[in-house]
Structure formats: C-alpha cells, structure tokens
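Dear colleague,

Please find below the structure that I am handing over to you. My notes on what was found in it follow directly after.

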Amino acid sequence: MTGSRGPVLSEQAWLEATRAFIQETICPTDQEPDVHLTQLVIDCVKRIWCSQERNQGFALPLNYSFASVQKLRSHHQPCCSHLSWSSSAYEAWAQEAESSGNPLPQEQLLLLGTLTDLSQDSEQESRDGSLFVRDNTGILGCELLGLDLSWLGHLFLFPSWSYLPPAKWDSSGEGHLELWDAPVPVFPLSVSPEPLTPLPVLYPRMASQVLGHRSKLRNAQSNLAGKLVRLSPLVRSQQKTYFILSLGEPTSAAGQAVGQVPIIVQVPAQLVWHRALRPGEDYVLTELRVSRIHGHRYRVWTTTPASNLVLLNPECVRELELGLELEGALEAEPKPFPAPSNSQAGKGQKGLSQDSLLLHYKGTVTGVLNEPAGLYELDRQLELCLAYQQFQGLRRVMRPGVSLELRDVHLLQLLGGGTERPVLAPCLHGAVLLRAFSCQKPGAQSSHQVHGAPLYEQLIWKHQLGLPLYLWASRALVELACKLCPHMLRHGQFLQHSSPAHPSLGLQLLAPALNDLAPPGSARRNVHSEILEEPHRCPLQKYVRLQTPCSFPTLDALAAEGQQKAWASFDPKALLPLPEAAYLTSCQLNQRLAWSWFCIRPSAFCPAQVLVGVLVASSRKGYLCLRDQSGALPCLLLAQDSQPVTDSRLIGCLVRAERFQLVVERNVKSNFPSWKELGVADFIQKQKARVYIQIFLADCLILPVPRSAPHSVTSPASAQMEPSCLEQPPEGQSRLFVLSHKETLMKLNFCASSRASTEVLKPTFSFQVSGVWLGGTQRKMGTGWGPPEPLKEENRDQKVLLLFRGSSVRWFAFLHPGQVYRLVAPPSTPMLFEAEGASCVSRRPLELAAGGSCLTVQDEWTLEPESSQDVPEALSLQRALPESSLPSLLSGNFTDSLVSFSAEILSRTVCGPLLGRCWTKPGNDLSWGQVCSSDGTVVLADPFGPCPPAGSARAPRRCVKLTVALGTAHCEFPPHLDVYMEEPHLPVPLGLLPGARVHFSRLEKRVSRSHNVYCCFQSSTHVQVLSFPPETTVSVPLPHIYLAELHGGRAPLRATASCHVVSVFSLELQWVCAHCSSVCLQGRCTRQDPSCPTQTSVSQASIRLLVEDGTAEAMVTCKNHHVTEALGLCPSEWTSLLESARGPGRVALQFTRPGAHLESSAEKIGPLTLFLRALCTSPAVLRPVELSFELERRPCNIGPLEPPRLQRFQCGELPVLTRLNPRLRLTCLSIREPQLPGPLGARASPC
C-alpha cells in the first residue's frame, strides 16, 4: 500500500494543478469550474502520453506541467516540448541537431489554447492571415505546417511545439509558437454534412471564357472547381492584403497553363486560406464573382464574404450547364497582360542578358547570410533570396534546419558582382511553402542582421533593383555597416528607412553607384501583371552579369593594400637606373634610396575602391583623419582653386570619395655596398611607410551625421579624435578675428598644469596664430549672436596672439591666413576675450608694449568659420597670401631675412644636416655633413617617427631638402630654390611631394659659399599645400637657345644648345672606395682603415670642356657617364679605359689653356696619359654637339659680377681685339651628335 500510495498522491496533486490551470486560463471567469472540460483535457493528455509506449507505467505525465500564454511570453529563452516523444526519441533528435547546430532545449510543458486567426482586438478587419493561440492570459502568434480550416476557433492540446522569444529585429516584442504536429482537439470537431444535391460548378476552361462574357451571367455568383496549380504569396499593397491562386483542370498536370483561371482572395476572414491551400489538391470555391482590377482593363474572379473553400469531391459537384446563353457570345481569350519593362537591362550591356530558369525545388536552410535582406543558404550549395516577395511573415521561422518547398522559383547563375553560387529567387508568381521547422536554436544575431529590413525593401520596391545589383548592394551595406558601426554610427541609424525628411546614410553612400547602374525612373513592378500575366514577366526573368562596380574597404585594409602595392613596386634598380648608379658610392646609393613615394588611384584596384569614413581631427598630429572601425587614416583635404578648407563643421561628417590619391611614403634603411648588389634584398635593413589620403573637397560626398550618434569612446585613439559635428551647439560668448599668420606645429615645453609652478616641463605639440580682433565680445541670443559689446579703448590695437596646445591642436588644419573665424567659449568667465581677462597673458614685455595680448585657447572652446562678406571690418584687413618679390628673394639684402613665396616642388631628398647657419650650403657627400656608419649604412633617424633624444651619440640630426620652382607670374623660366627642413620641424607635413604646388610663409633666407640662395624652416614658418601632384605628367622638351641668351635676366635653368667643343680643360678618372671615398690603388683602399669591411670600389670621371656656338663661350662640366659621351667612346671602349685606370687609381690631366702643354698627376707620362692627351685633342672630341645643360650656379643677385674680358682674334691677316662676356659655367645633362640632313648626318660608331 505504501509503495503505491506515493504515485497516487503525486497524481492527485497533478490533477488538482490541472483543474486550477484550466479554470484560470480556459474557462470564462464568470462561470463555475467545468468538470467536464477538465476531464476532456485530462483524457487528451492520457491519450497522447500513452501512445508513446514508453511511459514507464504512469498513466499521466506527472513531470509535465501546463504553461499559459502569459508564462510563455515571459520566457526569455527558446524551448520545445514533445509530449508524444520519449526521452530516447528526443535524445536522438537532439543528437542529430547537434551535428549542424545548437538544438532547442526541451521543457516539460503542456500547451492548451484556442487556435484562431483573430488578434486580440477581435475585429474582423484586423485579420491578415496570421494564426494565434489564445487563452485567458493572452494571445501568441503561431506557425503550423498544415492547417485545416475546421480547426479555427476550437480548443486544442498541442502535443509537440517550440517557443521562440522575440527576435531583436521584431519591434512588436512578441515571441511565437511553432506547432510541429497536428493539434489534438479537446472537443470532437463537427463534420460538415454532404450537400443534398450536387453543387453546380464551373471548371477553369469555362470560367476563363465567362470573364469575357458581356451578358448578365458575368455578374452572377458562381462556384469554381479545379486543381490548385499556382499560389502567390500574401501581398500587402495600398493598405490591402490579398493573394491570388490559380485553378487548373482536375485532370491536367499541375502547373500546366492550359485552362487555368486566377482567383483573387482579399476578404480579411479568408486570408487564412493561404495556410490551408496545398498545390496539387482539388478544391471548390463557392460564391465567386467577376470583378475588374483597378487600373487594368481585364477581369478576374474574386471571392465574396459568403465564399467558402472545400475539398473537391467529384460525387458532390456537377458541371454547370450554360446552355444556349453563351452561344455566339463568348469572346476570345483575354489578351495577354502587357509586359512591364525590365528594371535593369544592364547599362551599356544590351544583348548580354540571360534568361532565368523557372522550376520547383525542395531543400533545407543551412545558413543565414543576411536576414533583413532575405538572403539564406540552401543545402550548402545555393543561395536563396526572398526579397522579391514580402517575406516578413516567414522571416521569424527562417533559420538553419528549416525545410522549404519552392514552387515556380527562378534559378539565376553566373550573376557576378561577387556572387559565386547559383541563386534561387521566388517572385510574386511563385510560392514558398514551409515543410518542416528547425530543431535548432536561433543563432546570435549581429547588429547588421537586426536592422535594415525596410531599407532593403526600398531597394526592391522603390529603386527597382535587379537581383545581381541587389545582391551587391546588400553586401555593400553590410560592408559599410561593419566599417562604421557601432562606434562611428548606430546600426539602426545607418540602416534606417529612407525618407525625404530623414534620408538613410547607407542609401546615400550607395546612391552614386546605384544611379549609374539603375538610373531613377525605372519601370515600377506591377504586382497583378507579375502574378497573372502569361507568358510570365518579372524582374527576375532576365538578368545581366554584373561587373562589381566598386567596393568599400576598411581604412586599415586600404592602407595595408596600398603598402603592399608600394613595396611590391619598390625596385632600387628602377629608382637608381644605370648608368647613373654605377658611379655612386655606398653612402650616396643608400641616401638616394632612403625616401621615395608611391601614389595609388582608385582605378589601380580591382574593383575600384571607394573611400568612406568619418572625418575627425587629431590633437596629436594636427592633421585630419578619416576614421572607421578598423582605425584612422591621415587625410589631406583641399578645396578647388587652391583655396584652403576652413569649415570646421566638416569634422564628424561622413565622407565618401571615389576620386582620391592614396600616397605611400617609403622610408628605407639600407647598406648596399655598390650598384652591383641593388638586386639583393638582404641589404635592406628596415622598411617603414607613411600612408595618407589626398582628396579634393569637390570630389567628396559630405553627409552630416545626426547628433544622436555616439562618440567613439572605445577606440584607443578616441581621446585624440574630436568629432566636432557631434558637439553641442555654440553657447556663451564669442569674438570674431581675422587670422594674419599661422606658425608651424611643433613640440614645445609646457607645464602640464598651470597651478604647479615647480612641475617639470613636458614637450607638447602646439602652435600659435596671430590675428586682429574684429569688434568686441558677443553674447548668445537665441539661435544667433548679439551685437558686439563696446570696447573700453576704441583706439587700442586689437592684435592678438592665440596659443593652441593640447586638445585645441585639432583646429590646426582649418586655420589659414586671411580667413575670418569666430572663437566660441563657455559663458562662465566674464571678460574672457579682453586683455584683462583670465586667459589673456602677455608672452613677453615687448608684445605688451605694442598693445598685443596672448590668449591660450582652451580644450572646450570651438572655432567656427565666418564669411568675410558678413563682416565689413574684415574686408579692409583681409589680404592674399604673402609673396616676396623675385629680386628681393634672390638678392643679398638681409634686412628682412624671412621670405614667402609659392612654388612647385621638383624633388625631395634626404640629406645630411646643415653645418652652419649662413654662408654654408649642404652638399650631397660626406664633406657636407653626410653621416655614414662604418659599414656604409646611411644613419638617418626615422623621418616619420619622434625626434631622437638630445645628446644621443647615435642620433644624427635629420634633414630633408626640397628643390622647388618659384611660381612667378611673369617669368617664363622660373628659378629654382632649395628649401631645407631640420628638426624640430620634422616629420615633413603631409602633401609635400614632387609635383605639388605649395606656399611657404616666413622661411629664413640664407646664402651658400657659392652665392646660391637657399631657405630653411623656422618656428615661424608655415607651409600650405595649394594643389596635389598632377595625375599625369607631360614631358616637356628642353628649350633650344643660343648661349648668349643665358646672359639675360630671364634665361632658363635648363636648355639645349647646338655648339662646338673648342678644347678640353681637364680630365680626371679615378677609382674610389665605395665606403669612405678614398682613392683605391690596384682595387685596394689607400686609407687602410678597418672601418672599410670590403674592398669595393667604384669609378668616377669628370671632364671640363670649352664650348661656343658663335654667340658666347661656356665652360661645361661633365661627370661620370656623361664623360663617355663627351669623349665619343662606345660602352666597350669606355669600360676598357676605366679598367686601365684601376691600376694607378687616379689619372688627371690638366690643359692650362688651349694649345698649352699637358699637366699630369702621374709621376711619369705613360701610355694611358698619352692616349688621353691624343684623344682630348682629336676631332673625335673637338666636334659639333647637341648639348643639354643646366646652369652650374643658379641666377641670383649676390656676389661680384665678372667683368667682360678682351680677347684677340685673327681675321685673315688683320688682328681683331674685341670685348667678350664672361664665360658661362654649365653642367652637362647629355651630349648628342647633331642631327645633320642627309646621309652625312649619322656619325658611325667606332664599336
């Protein structure tokens, strides 16, 4: 007794709990407990429980409990319950599910409720075809595999089900049920009686003809019978929901077009039929009428509120006999519906379109590719796109493991645009039928899988994208969302539905590409035509293989790919081509390779890259950056027409650019012994690159970011990036000023805190600008600024010096001379912008005496650009960029040693440090300060990194030389100038590249020993890039001139002249050590220093020629490979001559004057010396030549002018004494034989 009493008591408790549950959740609240209902429910439970044959002898599932709808809705985790399954059956099911995913956890719960298609408001018009399970505690949406319309409104026990809580994208916050098995009715279902008389019906063939009948029969209600051959999805348009089914002859094959008739179902109470209909079954639809579709001339059958749907029983129907009424009155078959034009025929690709295949397919979902876009993976081989149907009702059940049947689905292959696999895509003509639920839990959804469904719908229904372009656009949106969200933008903000008032940022970024491939104005989809038309026409029927228009790489990936391309193109042999490289020492080789640059344009990538990022300002470096999730990329932004970018409101905006320059500056540390080893990569010790972007503002799409976007607080560098577009609107007080001059950005020593006077100074990036106040302080009044406050001293000088340091350095890129700005500060401190204010501190007594004041700009202050047209006071103060005149720039007058000018950069090289301040000029070899290690390596600190510590023995000062062509307006041949940058003005600002036009302000002018003018950067120097290097360079031939023209004031620096070699003044051949430049005898260094690790030597040569062209004489210096051109030797002869000089190491000949005796460096004159003397006086050297040259000394007004000289000439028998201009001094660029007409013009080569 005791052994059997326990189970009985437990069973009794279970029964009591069941009764209480039924009374609370099922029975009406105003009625007594229904014992009969309770018993029926218990009987249903027993019947299901006992059917599993493994109930362990218990008549009831005592370990199960009932769950109400309210309890399930509070369940935050997915679960499933299978009352009819045994534990072993569930374990086998779960084990199978684990092989492909995470199975749904099982809960021992019983579900009881009423199955209905009415939502909680119980209004007929609210029906939209959805199903619900309802009890007294609430209502819950559900999905089931096969619906019997007789189930609606009845109480059921659901033996097998799963519950899924609401997905992140579901704004309703409601979970849903998935009913696996047929529900068990608590009350027996009533069976409809058979009709007493056969029901008259029309079959599809006759029903199609009735549509064109003009008699009153068309207005009568009729019954239609046939086989369901096509079922459209539920369509929601114009605030109405409907679907269309097509019936065929019962004896015809499913899907055959002969004898089909379409029927529109749009009565709300009948939309649930869509869940009960199964293609291939025979049905009867009653009480149908003929109606015209709005906007079309053809008619269709539609249901009425009195219509019913029943299975076809041939014994209960008879075909309606129309008799003679229709004889002679039947019209021809309705004309085919007009075919809409395809949304995209492929721009410029006519004749390349392909036809998709229409088929049926059964498969299993194996992956979710992009849920908001309706993209899934089928059977790990195909892609499924549901976007061309309104699939939101099916979206909540779609996950790996779901089995589908696709009817009349399009198969598209070789789509291009990044899509590799075939794609199945149903249009409104096809149907997606659910055949089995998934046993897996929904996977974790990333944010871009949650948001954006309305935006993707717009791409299909508003922009009419074809499938290839839609697949690319959906991938591009995911790519962009991963780039920018969640730290730059929120996913919901980026992928929001686009409207005129609130355009979508994602869609705006795609718009240029979409407008080019799918121009606006494409034909809109016609839903009725797409479903009803025969032959079938839809956007999926024809397609064109898409060439990927562009991609949106992360900035980190773009920089990495740019570096990869830059280093792949780095070839020392190309940078130092022969024969020039053969004469360079090791230090010269490595110095020439120390810096180079590589420019990449979007067309160099495949597909073309589009730059997208948020514009931020760096308070560490002072330049602008484009930023995304992967990192930041420095950016140089220019307006057109050499105008600077001054609008600080650009900070924080989203920037899209298709045209840009990706610049990679390559810094190389190498120790090549000589030119012969240039192909050996092992001699490259270190490589480093600086990557940045150059963009014109006109080439950018600027999108303001709404203020709701979050700050980038999770990024390591976020503290140094200031998104000003997200800042609060200006408040407090402000004051206008016009900027006169901006100094360079450099590290200066400041105390970290102004309160600690004894604190150690810390180097901090800072800069200062000078300007003039425009009026007094203005206070905030509403949305604008009030009038300026009166000044205490009207005649007082309003000059001001603004100091920027710390976070305020972020304004460096927007401050430019001649522009008007508004400085905005909080209202906390009175008299903030006055000389007596707390922030105004005099820099030194001299400024105080001059009436100027210094103001330190605080981190929280902001700068706004102002139009000078709105500020009358600024018109008299504004001026163009300062320009020093050419005579003063090239003169020796040092009353004002600071000069300003615009110029084009011709070259940029790394050189040794400057040795002196004035009257010294750095050279290109060791004697001019080139620092070289014992192994021949050029010891140069990192030009992109921080300055080396002071006093370091191995930290030589860095120096960069820019050779520029002065941008003078009235000079046909602009003079050249060298500009040097040393620490602490390094690293070099962005954009100082060969070919770029820049403006230098307040450079220090210096003069070298050879009276050449050059300039150096100072703390007061400011450089502004005016234009980027041109995309294509045009090689302009050198002008052909007479030598006498070089005595004029506007002579070119480089030119070509036809002249005659009169005599040779000197010739020198030598072999020097590649490491220390000492002379090598017999190939061995004469220095005998252990610092030379190898005995590598290189040859060097020079020759000085006297040439004339009948107008003037010139002394021409030729070096190295130009010597062989001057001597007229072929390569083999020149090589033999150099090898002959290897023994003595150095051979030098000096001809004191034309016709004078020879002076040789050798102790005795040998055969080599005699050969060279004979060669230099032979007609092979003293011949007409085409000489390309440059001036040995650049034109300037410094140094004494050589006076004209007297020279005697013999004119026949008469001597002539004439005055000649001083001889010109030229450097040879090339020597060619003159091009004479006729066969004598070609000079035979001796080799």
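Contact, as used in these notes, means heavy atoms within 4.5 Å. This is a predicted model, in which local features need pLDDT of at least 70 and side-chain atom pairs count only at pLDDT 80 or more, while totals for chains, interfaces and linings use all residues. Residues are numbered from 1 along each chain as its sequence is written, and side-chain values use heavy atoms, with hydrogens and water left out.

I begin with Thr-585, which lies in the loop between helix H14 (572-575) and helix H15 (586-592); helices (H or I, at least four residues) and strands (E, at least two) are DSSP runs, numbered from the N terminus. Not counting residues up to four places away in sequence, Thr-585 touches Val-1072, Cys-1073, Ala-1074, Ser-1077, Val-1098 and Gln-1100.

Next comes an open sheet of eight strands with mixed pairing, in the order S26-S31-S32-S29-S28-S27-S30-S33. Strands S26 (595-600) and S33 (700-703) each have a single partner strand, so one side of each is left without a neighbour in the sheet. Two strands pair if DSSP finds at least two bridges between them. Within this sheet, S29 (residues 631-638) and S32 (residues 684-696) pair in the parallel sense over four bridges, and Leu-638 stands opposite Phe-696 in S32.

Helix H11 (residues 505-517) also deserves a description. Its buried residues are Leu-505, Gly-506, Leu-507, Leu-509, Leu-510, Ala-513 and Leu-514. They pack against helix H8 (453-461), H9, helix H10 (491-494), S27, S30 and S33. H11 bends by about 50° at Ala-511, and a proline, Pro-512, follows within four residues; the bend at a residue is the angle between axes fitted to the seven residues ending there and the seven starting there.

Finally, strand S36 (residues 762-781) pairs with several strands in the antiparallel sense. Eight bridges join S36 to S34 (residues 733-742), with Trp-773 as the bridge partner of Phe-737. S36 is joined to S38 (residues 799-805) by seven bridges, and Gln-768 stands opposite Leu-803 in S38. Two bridges join S36 to S37 (residues 784-785). In the hairpin of S36 and S37, which has two residues between the strands, Gly-782 takes a positive phi near 65°.

With kind regards

How values were computed. The expected span of a helix is 1.5 Å times one less than its number of residues. Buried means under 20% relative accessible area, exposed over 50%, partly exposed in between (1.4 Å probe, protein chains only).
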